[in-house]
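Here are some notes for a colleague who is opening this structure for the first time. Please keep the view at hand while reading the numbered points.

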Amino acid sequence: MEIQKVGVVGAGVMGSGIAQAFAVAGYDVIMADIKEEFVAKGLATVQKSLDRMAARDKITAADKDAALARIRTTTTLDPFADRDLMVEAVLEEEELKRTLFRELDVICRGDAILATNTSSISVTKIAAASRRPERVVGMHFFNPVPVMKLVEIIRALQTSDEVCATIDEVSRAIGKTPHTIKDSYGFVVNRVLILMINEAINCLYEGLTEPEEIDAVMRLGANHPMGPLALADLIGLDVVLNIMGTLYDGFDDPKYRPSPLLKQMVDAGYLGRKTGRGFHKYGDA
Ligand code: CAA
């Protein structure tokens with residue numbers, strides 16, 4: 001199946017990054033969110049990222065304008081009726097995603113592929129909410145989407161070979177490197193990465209040293225581009241906690257117990273970069 005028209009539901013950090021990746025590669029994109037202000041913020045994020053790429057000669061000014069012009073926005077799902085591929089990037093709530101997939105099932109063409117960018121929820125469960133489970137697949141991008149090369153293609157129990165092959169092809173067409181993985185809580189990257197971040201938070205909780213030090217030793221000792229606490233701030237502490245919760249409940253294994261400090265930070269509303277404060281401070285916060 002050839003993909004030309006793409007729909008993205010959710011205009012947050014991930015949704016806007018995904019819309020940008022497709023638009024830069026020449027695809028016709030419609031990006032949706034529930035409020036006009038959210039889609040406007042998503043478009044502004046795309047604009048800023050493209051400006052940054054243009055300033056570093058990664059894209060010409062003309063290609064930047066053309067990419068922006070390829071993204072239309074909407075606050076309803078109706079315009080998705082003609083899409084070949086839908087990528088869902090809404091909040092990490094199972095019922096929200098399952099309800100959305102039921103709605104997309106009705107609106108989208110019968111042969112359209114419905115992909116989810118979930119970071120840890122069972123794609124098999126999301127697929128089961130749809131009447132086309134064999135055309136549901138995980139298409140997991142990484143933050144910041146314009147920079148990160150990987151797409152984890154998550155093959156649900158129901159996903160067809162043809163759908164996995166199409167997603168592999170389209171991921172390469174937008175300049176990403178896809179790897180196909182069987183569905184399981186957290187897939188591979190988040191199962192490994194988020195557990196490491198949780199352990200770094202436990203080191204802080206136990207008072208081993210300061211946040212800056214924990215980040216510094218992991219940059220110097222493991223050659224990570226950024227330390228685990230700074231990465232948690234980038235991902236969002238609510239998202240990190242959510243993924244730990246999915247791993248803990250899904251595997252029913254205490255090794256995935258969220259750090260008490262992570263829970264406290266989320267309770268305090270210290271969610272990382274997006275709130276100006278997490279394990280580090282950002283902007284004027
Ligand atoms: N849009 C466009 N370009 C961007 C960008 C954006 N949003 N953010 C960074 N860049 C570009 C910069 O322009 C820069 O380009 P040049 O190489 O041409 O100079 C390059 O990326 C590097 O950026 P910086 O120089 O600003 O900073 P850096 O070298 O410290 O890199 C980083 C920043 C890319 C974020 C790097 O620190 C990194 O790779 N960190 C780890 C990120 C990571 O692990 N992400 C996965 C999170 S897990 C996830 O997303 C999954 C999930 O489900 C939770």
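1. Helix α1 supplies the largest share of the lining of the second largest pocket, namely four residues. Helices here are DSSP runs of H or I with at least four residues, strands are runs of E with at least two, and both are numbered from the N terminus. The model is a predicted one, in which local features need pLDDT of at least 70 and side-chain atom pairs count only at pLDDT 80 or more, while totals for chains, interfaces and linings use all residues. Residues are numbered from 1 along each chain as its sequence is written, and side-chain values use heavy atoms, with hydrogens and water left out.

2. The second largest pocket has a volume of about 180 Å³, and of its 13 lining residues A21, M53, P146, I174 and K176 are the closest to its centre. A pocket is an open set of points on a 1 Å grid over the protein atoms alone, where a 1.4 Å probe fits and protein lies on both sides within 12 Å along at least five of seven lines; lining residues have an atom within 4 Å of a point. The volume is the space filled by probe spheres set on the points, which are joined across faces, edges and corners.

3. Eight strands form an open sheet in the order β3-β2-β1-β4-β5-β6-β7-β8, with mixed pairing, where two strands pair if DSSP finds at least two bridges between them. At its edges lie β3 (71–74) and β8 (177–182), each of which pairs on one side only.

4. Within this sheet, strands β1 (residues 5–9) and β4 (residues 85–88) run parallel and are joined by four bridges; V8 has V87 in β4 as its bridge partner. Helix α1 (residues 13–24) packs on the sheet and touches β1, β2 (28–32), β3, β4 and β6 (136–140), a contact being heavy atoms within 4.5 Å.

5. Leaving aside residues up to four places away in sequence, S49 touches Q20 and P146.

6. In the loop between α4 (94–107) and β5 (113–116) sits A112, which counts as buried because its relative accessibility is 0%. Not counting residues up to four places away in sequence, A112 touches M1, R83, D84, R132 and R135.

Definitions and conventions. Axes are lines fitted to C-alpha atoms, for helices over the stretch in contact, and angles run from 0 to 180 degrees between N-to-C directions. Buried means under 20% relative accessible area, exposed over 50%, partly exposed in between (1.4 Å probe, protein chains only).
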